[in-house]
Amino acid sequence: MAHIIDGKAFAGALRERIGAKVADLTIRHGLKPGLAVVLVGEDPASQVYVRNKGEQTHAAGMHSVTHRLEASTTQEDLLALVHSLNADPAIHGILVQLPLPAHIDSNAVLGAIDPNKDVDGFHVVNAGRLAVGLPGMVPCTPLGCLMLLKDHLGSLKGKHAVVVGRSNIVGKPMAQLLLQADCTVTIAHSRTADLPALCRTADILVAAVGRPGMVKGDWVKPGAVVIDVGINRVPARDPEAAAAGKTRLVGDVAYDEAAAVAGAITPVPGGVGPMTIAVLLLNTLTAACRSRGLEAELAEFN
Ligand SMILES: Nc1nc2c(c(=O)[nH]1)N[C@@H](CN(C=O)c1ccc(C(=O)N[C@@H](CCC(=O)O)C(=O)O)cc1)CN2
């Protein structure tokens, strides 16, 4: 049976260390990292994530601002808010919660964020910095996955990593990070020929496709490390509960089957998900330190 990689515990410990660093920076440098989160509309899952971001930012001793805008907010008004946050010296990190309502061009909004305050790492400047190996802001979920992998495996050198999913938010930056860690990387997707056979060649298998239970147990090489990025809401197991509209969270990996074969696996919930917000705090701390030329303060997190 696989070792279960406890992302919830890892994220909690990381948030503690960030909180201690923030307290130290506030005393020694008068620097209080500030994060602004912008939510447009009432998507229920986004509301939960944004509330958690606000609470965890605050708990880490950071300055936390949440802007909740109506679903009918115009792109122009949203861009005006982003521009005002770019100019606000108390704000070191800006995050616009995704997905945005359909009438708003997400790329235009993400592209308006000052790349140095882009704690999501979604701006093309940061995607470019990652691709060429320059310091920048790295997307939270893939960086969280890399931290879990390094914590479990130590060196990733020479491992064959297969990333299933090619999104700009997870798949592509994940592949870049694994490449930087000296893995041999294959990016696959739902149209890859004989995807199960390819996945079976992976020492590290990252599933980020957004399809519940797509990666089956017989897609996993015995002993491989499986990182499940999927967060899918499906009907509850109990038919009565399901009929009453109750749901449960599952990943992109058929957990029980895969755990019987893998060497290690992240569960859903409690695996990659909690790392997303912990790394968001780390990116906010990073942006704040860089704004003052205090990069050396980040050494303990590298
Ligand atoms: N601007 C962004 N939007 C979105 C991102 C993002 O990184 N930046 N990621 C996702 C949602 N997300 C953060 O925003 C997120 C998803 C999941 C979790 C998490 O802790 N999941 C828990 C379960 C929580 C639950 O019960 O629902 C887990 O997996 O254990 C945190 C953050 C899309 N949008």
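This is a predicted model: local features need pLDDT of at least 70, side-chain atom pairs count only at pLDDT 80 or more; totals for chains, interfaces and linings use all residues.
Colleague: Into which domains is the chain divided, and what distance separates their centres?
Modeller: The division gives domain 1 (29–115) and domain 2 (140–274), with bounds that come from an automatic or database domain assignment. Taken over C-alpha atoms, the centres of domain 1 and domain 2 are separated by 28 Å.

Colleague: Where does the ligand lie relative to the domains?
Modeller: The shell around the ligand holds 18 residues, where a residue is near a molecule if its C-beta atom, placed from the backbone, lies within 6 Å of it. Domain 1 and domain 2 both contribute residues to this shell, so the ligand lies between them.

Colleague: Which residues of that shell are closest, and which element gives the largest share?
Modeller: The closest are Tyr-49, Leu-98, Pro-269, Gly-273 and Thr-276. Two or more residues each come from helix H2 (44–59), strand E4 (93–96), helix H6 (140–153) and helix H11 (273–291); helices (H or I, at least four residues) and strands (E, at least two) are DSSP runs, numbered from the N terminus. The largest share, 4 residues, belongs to H11.

Colleague: How many residues of the shell are nonpolar, polar and charged?
Modeller: Here Ala, Val, Leu, Ile, Met, Phe, Trp, Tyr, Cys and Pro count as nonpolar, Asp, Glu, Lys and Arg as charged, and the others, Gly among them, as polar. On that basis the shell has 12 nonpolar, 5 polar and 1 charged.

Colleague: Which peptide bonds are cis, and what are their omega values?
Modeller: One joins Leu-98 and Pro-99, with omega about 5 degrees, and Pro-99 lies in the loop between E4 and helix H4 (106–112). Pro-269 sits in the loop between strand E11 (264–265) and H11.

Colleague: UniProt lists Ile-231 for "binding site"; is Ile-231 buried or exposed?
Modeller: The unreviewed entry lists Gly-165, Arg-166, Ser-167 and Ile-231; such annotations may be inferred rather than shown by experiment, and UniProt positions are given in the numbering used here, with feature names shortened. Ile-231 lies in the loop between strand E8 (225–228) and strand E9 (232–235). A residue is buried if 20 or more other C-beta atoms, placed from the backbone, lie within 10 Å of its own, exposed if 12 or fewer, and partly exposed in between. With 20 such atoms, Ile-231 is buried.

Colleague: And Arg-166, which residues is it in contact with beyond four places in sequence?
Modeller: Arg-166 is in the loop between strand E5 (160–164) and H7, and its 18 C-beta neighbours inside 10 Å make it partly exposed. Two residues are in contact if their C-beta atoms, placed from the backbone, lie within 7 Å. By that cut-off its partners are Gly-171, Lys-172, Ile-187 and His-189.

Colleague: How many residues of H7 are buried, and which elements do they pack against?
Modeller: In H7, 8 of the 10 residues are buried, so the helix is largely enclosed by the rest of the structure. Among them are Gly-171, Lys-172 and Met-174. The buried residues pack against helix H5 (124–132), H6, E5, E6 and E7.

Colleague: What is phi of Asp-182?
Modeller: Asp-182 sits in the loop between helix H7 (171–180) and strand E6 (184–188). This residue is exposed, with 12 other C-beta atoms within 10 Å. Its phi is positive, although it is a residue other than glycine, with a value near 70 degrees.

Colleague: In what order do the strands of the open sheet run, and which stand at the edges?
Modeller: The sheet has 6 strands with parallel pairing, in the order E1-E11-E8-E7-E5-E6; two strands pair if DSSP finds at least two bridges between them. E5 and strand E7 (residues 204–207), for instance, pair over 4 bridges. One side is left without a neighbour in the sheet for each edge strand, because each has a single partner strand: these are strand E1 (3–4) and E6.

Notes. Residues are numbered from 1 along each chain as its sequence is written.
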